[in-house]
Amino acid sequence: MSNFVAPEVKKFAAWDYVVFAGLFLVCASIGVFFAVKERKKKTSKEFLVGGRQMTCGPIAFSLTSSFMSAVTVLGTPSEVYRYGASFVLFFLSYALVIIFTAELFLPVFYRSGITSTYEYLELRFNKIVRLAATLIYILQTILYTGIVVYAPSLALNQVTGFDLWGSVAATGIVCTFYCTLGGLKAVVWTDAFQMIVMVVGFVTVLIRGTTLNGGSAKIWEVAYEGSRLNIIDFDVDPLRRHTFWTIVIGGTFTWLGLYGVNQSTIQRCISCKSEKHAKLALYLNLLGLWVVLVCAVFCGLVMYSHYKGCDPWTAAFISAPDQLMPYFVMDIFSSMPGVPGLFVACAFSGTLSTVAASINALATVTFEDLVKKGFPNLSDKMSTWISKGLCILYGVLCTSMAAATSLLGGVVQASLSIHGMCGGPMLGLFTLGIVFPCANWQGAIGGLLAGITLAFWAGTGSFIYPAPPTKSIPLQLSTLNCTLANSTEVLMTAAPTAVPDRPLLADTWYSLSYLYFSAIGCLGCVITGLLISLITGPSKGEDIPPVLIKPVCNPFCFWSERLKTLFWCGVQHDSPEVDFEKYLPKVIANEAVSDDTFKNNITKENKRHFPGYNPEEKSYTNMSRESRL
């Protein structure tokens with residue numbers, strides 16, 4: 001084994017600190033601005049969902065910035081550098097995810113007037129299902145946010161020498177500060193600013209890297225020779241880490257669990273002033289996702305061209321693949337003070353937006369699903385203070401979770417694995433409720449448990465027993481042009497080691513691509529839930545308010561009204577008063593009638609057509625839920 005001499009890479013200069021500190025200052029200022037501007041009308045509704053008066057533009061920027069985090073800025077170029085540009089196939093996954101979210105899930109959530117997505121589960125099933133889903137979401141989000149906090153702190157540690165955990169604490173403090181002061185509006189407008197910083201950072205790296213490496217044609221040629229452009233691989237082997245099928249199918253399930261039913265996404269969408277604005281925000285966000293993805297992939301190709309003869313990871317100049325991108329930036333911008341600070345600001349922009357979104361969503365879910373259930377008569381002032389207290393609590397928890405992230409390996413695979421293991425079963429649960437009228441609460445609980453069990457079984461097994469190298473081996477990397485240490489050629493003979501015992505499932509079930517974890521959890525939940533529902537007695541469609549079900553069969557049975565009615569399972573979609581597409585009723589829970597959820601005040605004339613409505617009572621009763629409790 002040879003020892004190599006690492007080329008000298010400069011650290012941060014004064015201008016880098018100025019640029020980087022400017023990002024934190026602007027983010028904190030936005031929180032202060034909204035705290036001062038709207039201090040007189042700060043109800044819990046205003047704080048958590050912006051008064052439902054947001055427009056599509058800032059929401060679209062916010063969505064893109066929140067989910068294209070430092071995991072994308074640091075992890076995706078490293079993935080492309082090591083495994084090739086097949087990661088670009090995620091543009092198909094993103095398109096499918098946005099279409100499903102905008103046309104299937106969003107209409108149901110928006111029209112039912114909820115604040116927390118888990119309110120839907122109580123309206124459709126019962127309290128037990130809602131509570132179980134809420135707890136799983138809180139666990140998933142805290143785990144994921146820990147990764148997102150750790151990733152840019154690793155970058156900062158690599159390029160500046162700052163204490164790793166000091167930068168972790170700084171990230172958590174700033175996010176918690178502006179999220180607690182300004183609420184959702186501060187989060188959204190800060191995200192919009194951070195999205196601009198992220199794209200500018202990527203473009204700056206691309207221009208400089210392309211110029212230094214002979215232009216785009218030369219980079220393309222080098223990437224082709226290095227097999228980095230072998231993008232489409234139709235191998236159906238589910239054990240292969242990245243193929244066309246794992247990325248498009250597995251990636252769609254993974255990101256749909258993150259987008260379609262995730263509180264952080266839906267909370268932004270329902271804060272829009274209309275459903276049209278919410279849908280438009282999602283489609284505009286798709287353009288943003290594509291832009292960031294293409295920038296990240298091309299950065300990986302530029303980085304490969306630059307280091308094709310001396311890979312800094314193999315040569316041990318850096319300690320982890322996720323440090324490749326910051327190392328590359330400090331290398332090519334060593335003579336341009338201020339620009340490395342812009343890149344680190346780019347990485348932190350994604351992180352700040354994601355962490356703030358997570359904190360805000362966690363506070364919303366906890367307040368709506370737990371606090372209000374225990375204390376239903378809280379005043380607006382007390383509700384707002386409790387919401388802010390929850391922001392602080394979750395800011396501390398998410399920051400603390402970053403300490404465990406260093407044990408999880410590469411940030412991209414770790415983050416998507418967590419989303420798959422938790423998000424897949426959650427996606428299956430909401431799919432059961434929205435698509436299948438026959439599903440009952442017993443099926444929902446049984447399906448959720450089955451989905452979680454399957455997904456965590458596969459995910460935990462893959463962490464303990466990694467897939468064989470043949471299924472996920474990186475492409476060839478060279479150290480041929482690295483400089484050897486003076487007269488130091490150390491030959492080391494590895495002592496023979498015993499091959500560890502691997503269980504029977506290690507090379508099959510535990511070796512599944514991490515992108516399939518979500519599909520396993522989702523399909524396991526749906527199939528098990530339907531079977532249990534049929535065994536225990538399916539729900540009666542006539543007892544389910546139509547706004548809670550999306551009649552997906554309509555486009556496939558357009559020629560036959562009778563066939564459509566059969567697939568509706570008794571749900572009264574054909575009733576003119578509750579027509580799903582034209583009339584937007586607000587569904588009222590029997591124990592949760594409040595201005596927070598139902599501010600449109602449906603008239604009694606319209607209400608009398610709902611199942612279980614008694615005009616002598618103040619609200620109608622959702623019989624389908626009451627009968628199951």
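Visitor: Which residues form one aromatic cluster here?

Guide: Phe 87, Phe 90, Tyr 94, Trp 255 and Tyr 259 form it. The model is a predicted one, in which local features need pLDDT of at least 70 and side-chain atom pairs count only at pLDDT 80 or more, while totals for chains, interfaces and linings use all residues. Residues are numbered from 1 along each chain as its sequence is written, and side-chain values use heavy atoms, with hydrogens and water left out.

Visitor: How many aromatic pairs does a search of the whole structure find?

Guide: The search finds 19. Two rings of Phe, Tyr or Trp (for Trp, its six-membered ring) pair if their centres lie within 6.5 Å; planes under 30 degrees apart count as stacked, over 60 as edge-to-face, and the rest as tilted.

Visitor: What makes Phe 91 and Trp 290 an aromatic pair, and of which kind?

Guide: Their centres are 6.4 Å apart, and the limit is 6.5 Å, so they pair. The planes stand at 70°, and over 60 degrees the name is edge-to-face. Phe 91 belongs to helix α5 (residues 90-111) and Trp 290 to helix α12 (residues 275-306), 199 residues apart, so the pair links distant parts of the chain. A helix here is a DSSP run of H or I with at least four residues, a strand is a run of E with at least two, and both are numbered from the N terminus.

Visitor: Is Phe 91 buried, exposed or partly exposed, and why?

Guide: Buried means under 20% relative accessible area, exposed means over 50%, and partly exposed lies in between (1.4 Å probe, protein chains only). Phe 91 has 35%, so it counts as partly exposed. Trp 290, with 30%, is therefore partly exposed too.

Visitor: Why is the pair of Tyr 94 and Trp 255 given its name?

Guide: The two rings are 5.3 Å centre to centre with 80° between the planes, and the pair is edge-to-face. Tyr 94 is in helix α5 and Trp 255 in helix α10 (residues 244-259), 161 residues apart. Tyr 94 has 5% relative accessibility, so it counts as buried; Trp 255, at 9%, also counts as buried.

Visitor: Over the face of which residue does Arg 241 lie?

Guide: Arg 241 lies over the face of Tyr 83, at 4.3 Å from the ring centre. The rule asks for NZ of Lys or CZ of Arg within 6 Å of the ring centre and within 35 degrees of the ring normal.

Visitor: How many salt bridges does the structure hold?

Guide: It holds nine. One of them joins Glu 122 and Arg 130, with the closest N and O atoms 2.5 Å apart. Glu 122 counts as buried at 2%, and Arg 130 is buried at 7%. Another joins Glu 368 and Lys 372 at 3.5 Å. These two are four residues apart in helix α14, so about one helical turn separates them. Glu 103, Arg 111, Glu 275 and Lys 279 are linked in a network of salt bridges.

Visitor: How many cavities of 30 Å³ or more does a search of the whole structure find?

Guide: The search finds three. On a 1 Å grid over the protein atoms alone, a cavity is a set of points where a 1.4 Å probe fits but cannot get out, and lining residues have an atom within 4 Å of a point. Grid points are joined across faces, edges and corners, and a volume is the space filled by probe spheres set on the points. The second largest cavity has a volume of about 70 Å³.

Visitor: Which residues of its lining lie nearest the centre of the second largest cavity?

Guide: Of its 13 lining residues, Phe 67, Tyr 144, Asn 262, Ser 264 and Ser 358 do. Elements giving two or more residues to this lining are α3 (56-67), α7 (127-160) and α14 (339-374). The largest share, four residues, comes from α7.

Terms used. 1 Å grid on protein atoms, 1.4 Å probe; cavity = no way out; pocket = protein on both sides within 12 Å on 5 of 7 lines; lining within 4 Å. Salt bridge = Lys/Arg side-chain N within 4 Å of Asp/Glu carboxyl O.
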